[in-house]
Amino acid sequence: MRNILGEFVAVKIDSCEDADGTYCDQKKEITIEKKIKDKHRRNYVEIHELVHAIFDRAGICQGPNITIDIEEIIAHCIATAFIENYDFKPKQVD
Ligand SMILES: [Zn+2]
């Protein structure tokens, strides 16, 4: 589990079909592709999906100003910047 601004989001390792990871806003669940074995890549994907969960939690909806493309660029840039500057050890949040 991850705590996203007071809302709990599950994180599971499973098959994601064509994506490295997904965030489901209805299930409040992040899935990371099980084939990804590299720790840094897996952390990148989790942070990337966390950004999508934060957008959902904060009510930053897609529309004319925030398109899915812009949200993807923001998620990519934040995840890349964190991965390039920090070592991550996820906390277990219940
Ligand atoms: Zn994304």
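Two residues are in contact here if their C-beta atoms, placed from the backbone, lie within 7 Å. This is a predicted model, so local features need pLDDT of at least 70 and side-chain atom pairs count only at pLDDT 80 or more, while totals for chains, interfaces and linings use all residues. Residues are numbered from 1 along each chain as its sequence is written.

**View 1. Where α1 meets α2.** Helices are DSSP runs of H or I with at least four residues, strands are runs of E with at least two, and both are numbered from the N terminus. On the α1 side, the contact includes His40, Tyr44, Ile47 and Phe55; among their partners in α2 are Glu71, Ile74, Ala79 and Phe82. The contact residues divide into 10 nonpolar (Ala, Val, Leu, Ile, Met, Phe, Trp, Tyr, Cys and Pro), five polar and one charged (Asp, Glu, Lys and Arg), with the others, Gly among them, counted as polar.

**View 2. Helix α1 from end to end.** Glycine 59 follows α1, with a positive phi near 75°.

**View 3. The buried residues of α1.** Val45, Leu50 and Ala53 are among the buried residues of α1 (20 or more other C-beta atoms within 10 Å; exposed is 12 or fewer, partly exposed in between). The buried residues of α1 pack against β1, β2, β3, β4 and α2.

**View 4. Lysine 35 in its loop.** Lysine 35 sits in the loop between β4 and α1, and counts as exposed because it has 9 C-beta neighbours inside 10 Å.
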